[in-house]
Structure formats: structure tokens, C-alpha cells
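Hello,

Here is the structure I promised to pass on. My notes on it follow below.

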Amino acid sequence: MTVLPLTQPNKRLYITLTIAIIAWFIAYNIVQPLADWISYSALGLARDSHLGESLAFFLYDVPKILLLLSGMVFLISIVRTFFSPERTRALLGGKAEGVGNIFAALLGIVTPFCSCSAVPLFIGFVESGIPLGVTFSFLIAAPTINEVAIILLFGLFGWKVAALYIVSGLTVAIVAGFIIGKLKMEHYVEDFVWQIKSGGQAFEEKMTWADRIERAWDSVKEIVGKVWLYVVIGIAVGAGIHGYVPEDALASVLGKQAWWSVPVAVLIGIPLYSNAAGIVPIVGALIEKGASVGTTLAFMMSVIGLSLPEAVILKRVLKMPLLLTFFAVIAIAIMLTGYLFNWVL
Amino acid sequence: MLTIKVLGSGCANCKRVEQIARKVIEEMALEAEVIKVTEYPDIMKYNIMSTPGLVVNEKVVSSGRIPTPAEVTTWLTDALEKA
């Protein structure tokens, strides 16, 4: 990595960055007083009224979450410019199963990943000799433990729930990948995959700090642009539930004692996809009203990690029995994690 | 004469890359051929792991993102000088 020379455009970049950081902190700190002022003073709603409470909650949460999202996506994207799929593959090369599964799941968090690239990534991994199970650990962790979900959980419920989600995602990825590896299903990978010999050196990019900053800013625009509407709608629904639905209303349906709630949550989650951003605030409201944490996390992982579009993409390289096993193993691992958290917490 | 290849199995981002490449070629008034590589065995010959990929005269210049027109202009200029 080259040290960034203080050329004119670089100087401008750093000044812009400094101003942006200061503006971010100021904005983040005036959100709460501003939301209270609008709801209770400007609109004159009573502090303990349903409407006042819901509105203040909404006006506080939306800007707070969008600010958090922009700031954290920027930081995470900077980190991710140091991890490419090619580098991850090199790090995983030669690791045995077990240790390999753990590494693959961890690297799945930091490696930039888009499900549209799942196939070249899959081929690139297995072709270089990385075991099938280890490859799957990566392919489960990468989309499931995604930055938007983690940031929203952190912003809305604090670091404990966010950490719990990361731990459950890792557990599911490691265990499911390990089991698939033990099932020895290599012959259910499409034959053409084994015949591919990629030539030459892997592509690697040289990036300056200015490139990294620019790249990170691009992903902020892309991700926030894509999810902001879901976040607003999700928080609006969450705010409505917060103000109007009585406490413990859901305890009997989604609480711990309802054993069937975990599999049902996972099954409902499978067809729901890509609304990860909108689902987190709703999920939060569910927890608040008595749904158990394990059931709720299982639901979230199922929505984010088990997606039909990804199945369609992976169908190009996996024969049906392996594709079904892949889905079934993840679904079971998610359910077990859901039960585990219901039992422990 | 430049040969430009867009690697990717027809995703939305791949189409964006192709559009940008064609636009730059037109602006620079270059003689260039744009080929879409959509089959995975062919894509994997370039040893990339994220699509879309962009290849200029058989050299991979970008992978896994949409490059800016300015970047594409630089790569094409470089390739012209080397050719």
C-alpha cells in the first residue's frame, strides 16, 4: 500500500471527509432533542399519549438509523477493500475441514459478497481445492451475517442482540457447512465445475487510500439508496406496534412455550427475501411485545440466509439433491439455534 | 483494434458495465469489439471470483463492481498505447 501523497485532489478528499465526520456527529446528537421537540412542543402532543409516543419514536429512530447505516457502512466498506474473494480463497487454501469451516464463516463476514457472484465464487473455491463443506460455510455466512442486518440490530436493540445474531449466524454456517462436508456429496456438483481450469494469475487490484475512501462512499450511496425506504416503512410499522399493541400480546403465539413457533418462523421466512432492512424494526417490535428472542432470530436468519433467488442462482452448479440438502441443513441449523437461544435466554 | 469483454451471466450490473464500455468507446471514437462472455466455464478462464468483470485485450481490469467511465477511459488509453 502506498502512502497517500498530499496532492490537490487528495487534500480536497480529506477535507470533505473531515467535514462529513463532524457533520455526522452533530446530526447524530441532535436527533433525539429534535424528535422530542417536534412531537411534544411543535405539535403539542401529550407525552404519554399513544400518538405522541409513536411519533417521537419514529422521528428519532429513522434519522438515527439512517445516520448509523451511512456511517457504519462506510467503515465496513473501508475494511472490506482489504478483503477480496481472491484473498479469502488464498487464506482458506490448505485448511482442513473443521478449522476450515470456522475460518470460512469468519471470512464470510468481512469478504465483500453479492449473491449474483455466488456461482463464480463457488467455482473459484472448489476448483482451487477448498473442500465443499468449507465452501458452503462461506456461502452461508456471507449473505446471512450481512452488514445492514447487524447495523440495524445494533442501532435498534444494542450490541448484545447484534452480537447474538452474529454468533448464531456463525454457528449455523459452521455447523451446516461441516455437516454438508461429511455427507460427501461432491458428485452432486454439476460436472462442468470439476472440468474448469482457470488460467493465469488471480486478478488483484492495487488501491490507494483515496480509492478505498471513494469505493466506500460508493457503497454507502448504493446500500443506503437501496434500503432507506424499507427502513422507513419498517420503523413506521414498528412505531405503530410500539404505541398501540399491548405488552405480551404475542407471548402466547411467539413466546418460548410455543414449541412450534420456531419451525413456523423459519418456514415463513424462506419465501420472504431482500427485505432484511425492513424486517429488523418489525422484528424488534415483536420482541418487545413478548415474542421470544430465539424464535425472532431464527425468523430473521431464515429471511436473510435462505433465499429462493439464491437457490435459483446456485442451481447452475448444484444438482437437485445437493441443493435441497443445502437448504434443509441450513433450515434445521437455524431452527436448532432458535431453540438454543430460547432455552438459554 | 481493441477487444473488450464483459464477464457475467447477464445480471443487471453486467449490463451497466457493457453500457459504460460502449459509451466510452463511442466518445473516444475507438475501433473496438465488445464481447459478452456469459458462460461460467469461459468466465472462469479469467480467474475472477466476482462478476461483472471487464477485460481489455485479454487483461482483467476490474471485477465485482461497476467501474466509472473515467476509469474505463484510462484502461482503454493504456491498452491503446501498449498495442
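Helices here are DSSP runs of H or I with at least four residues, strands are runs of E with at least two, and both are numbered from the N terminus. On those terms, chain B follows the pattern β-α-β-α-β-β-α along its sequence. The count for chain B is 3 helices and 4 strands.

Some housekeeping. This is a predicted model, where local features need pLDDT of at least 70, side-chain atom pairs count only at pLDDT 80 or more, and totals for chains, interfaces and linings use all residues. Residues are numbered from 1 along each chain as its sequence is written, while chains are lettered from A and ligands numbered from 1 in the order in which they are written.

**Fold of chain B**

The radius of gyration of chain B, taken over C-alpha atoms, is 12 Å. The globule rule (2.2 Å times the number of residues to the power 0.38) also gives 12 Å for 83 residues, so chain B is as compact as a globular protein of that length. Its C-alpha atoms fill a box of roughly 30 × 25 × 15 Å along the principal axes. Buried residues (20 or more other C-beta atoms within 10 Å of their own, with C-beta atoms placed from the backbone) make up 40% of the 83 residues in chain B.

**Where chain B meets chain A**

Contact means C-beta atoms, placed from the backbone, within 7 Å. By that test, 15 residues of chain B touch 21 residues of chain A. On the chain B side, α2 (40–44) and β4 (59–63) each supply at least two residues. α2(B) gives the most, with 4 residues.

Best wishes

Note on methods
Two residues are in contact if their C-beta atoms, placed from the backbone, lie within 7 Å. A residue is buried if 20 or more other C-beta atoms lie within 10 Å of its own, exposed if 12 or fewer, and partly exposed in between; C-beta atoms are placed from the backbone.
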